[in-house]
Amino acid sequence: MTITKKVTFIAKQDGVETMKKLLSAMVVPSKAEDGCMFYEIFQCKERREKFFAVETWRDEAALDGHRSSEHYKIYKASYEQYCEDKYSDELEVLG
């Protein structure tokens, strides 16, 4: 069963550009991972400090693989100092 998540990041005012770089750096290597079906980062036009990662993984094993990847470890060790808030929602496809 696929897993789709939307992760919301609210960057600190002085961390917007760094968050943008950190999150953008995740796209290409994540898309290359086995089991990645969709992975994109979005920035809100009206609130530039608000970012969304929307990702779909083939199954829990693929998501676990993502979480143990080198690029994920780099992001995980770096983002908190630039981030005011972070939360995620698991999404269900309708239709």
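In this report, two residues are in contact when they have heavy atoms within 4.5 Å of each other. The structure is a predicted model, in which local features need pLDDT of at least 70 and side-chain atom pairs count only at pLDDT 80 or more, while totals for chains, interfaces and linings use all residues. Residues are numbered from 1 along each chain as its sequence is written, and side-chain values use heavy atoms, with hydrogens and water left out.

## The sheet

Helices (H or I, at least four residues) and strands (E, at least two) are DSSP runs, numbered from the N terminus. Two strands pair if DSSP finds at least two bridges between them. In general, strands of a sheet pair through backbone hydrogen bonds, either parallel or antiparallel.

Here, four strands form an open sheet in the order β2-β3-β1-β4, and the pairing is antiparallel. Strands β2 (36-43) and β4 (83-91) are the edges, each pairing on one side only. From one strand to the next, the twist averages 15°. Angles such as this run from 0 to 180 degrees between N-to-C directions, and the axes are lines fitted to C-alpha atoms, for helices over the stretch in contact.

Strand β1 is joined to β3 by eight bridges, and the two run antiparallel. Strands β1 and β4 also pair in the antiparallel sense, over eight bridges. Seven bridges connect β2 with β3 (residues 50-57), again antiparallel. A hairpin of six residues leads from β2 to β3. The table gives bridge partners from these pairings.

| Residue | Bridge partner | Strand of the partner |
|---|---|---|
| Thr4 | Thr56 | β3 |
| Lys6 | Val54 | β3 |
| Phe9 | Lys86 | β4 |
| Phe38 | Thr56 | β3 |
| Gln43 | Phe51 | β3 |

## Burial in the strands

A residue is buried when its relative accessible area is under 20%, exposed when it is over 50%, and partly exposed in between (1.4 Å probe, protein chains only). By this rule, eight of the nine residues of β1 are buried. In β3, eight of eight residues are buried.

In a regular strand the side chains alternate between the two faces of the sheet. Strand β3 is covered on both faces: Lys50, Phe52, Val54 and Thr56 are buried on one side, and Phe51, Ala53, Glu55 and Trp57 on the other.

Thr8 belongs to strand β1. With a relative accessible area of 0%, Thr8 is buried. Not counting residues up to four places away in sequence, Thr8 touches Lys50, Phe51, Phe52, Asp85, Lys86 and Tyr87.

## Helices and the loop

Helix α3 (residues 60-67) lies across β1 (3-11), β2 and β3, and runs at about 130° to β3.

Met19 is located in helix α1 (residues 16-24). Met19 counts as buried because its relative accessible area is 0%. Apart from neighbours within four places in sequence, the residues in contact with Met19 are Phe9, Ala11, Phe51, Tyr79, Tyr82 and Cys83. Met19 and Cys83 are 64 residues apart along the chain, and their C-alpha atoms are separated by 7.4 Å.

Ser30 is part of helix α2 (residues 27-31). Ser30 is likewise buried, at 0% relative accessibility. Its contacts, not counting residues up to four places away in sequence, are Cys36, Tyr39, Trp57, His66 and His71.

Arg47 lies in the loop between β2 and β3. At 37% relative accessibility, Arg47 is partly exposed.

## The largest pocket

Grid points are joined across faces, edges and corners, and a volume is the space filled by probe spheres set on the points.

The largest pocket holds about 190 Å³ of space. It is lined by 16 residues, of which Val7, Glu55, Tyr72, Tyr75 and Lys86 are the closest to its centre. At least two lining residues come from each of β1, β2, β3, α3, α4 (70-78) and β4.

The lining comprises 10 nonpolar, two polar and four charged residues. For this count, Ala, Val, Leu, Ile, Met, Phe, Trp, Tyr, Cys and Pro are nonpolar, Asp, Glu, Lys and Arg are charged, and the others, Gly among them, are polar.

How values were computed. 1 Å grid on protein atoms, 1.4 Å probe; cavity = no way out; pocket = protein on both sides within 12 Å on 5 of 7 lines; lining within 4 Å.
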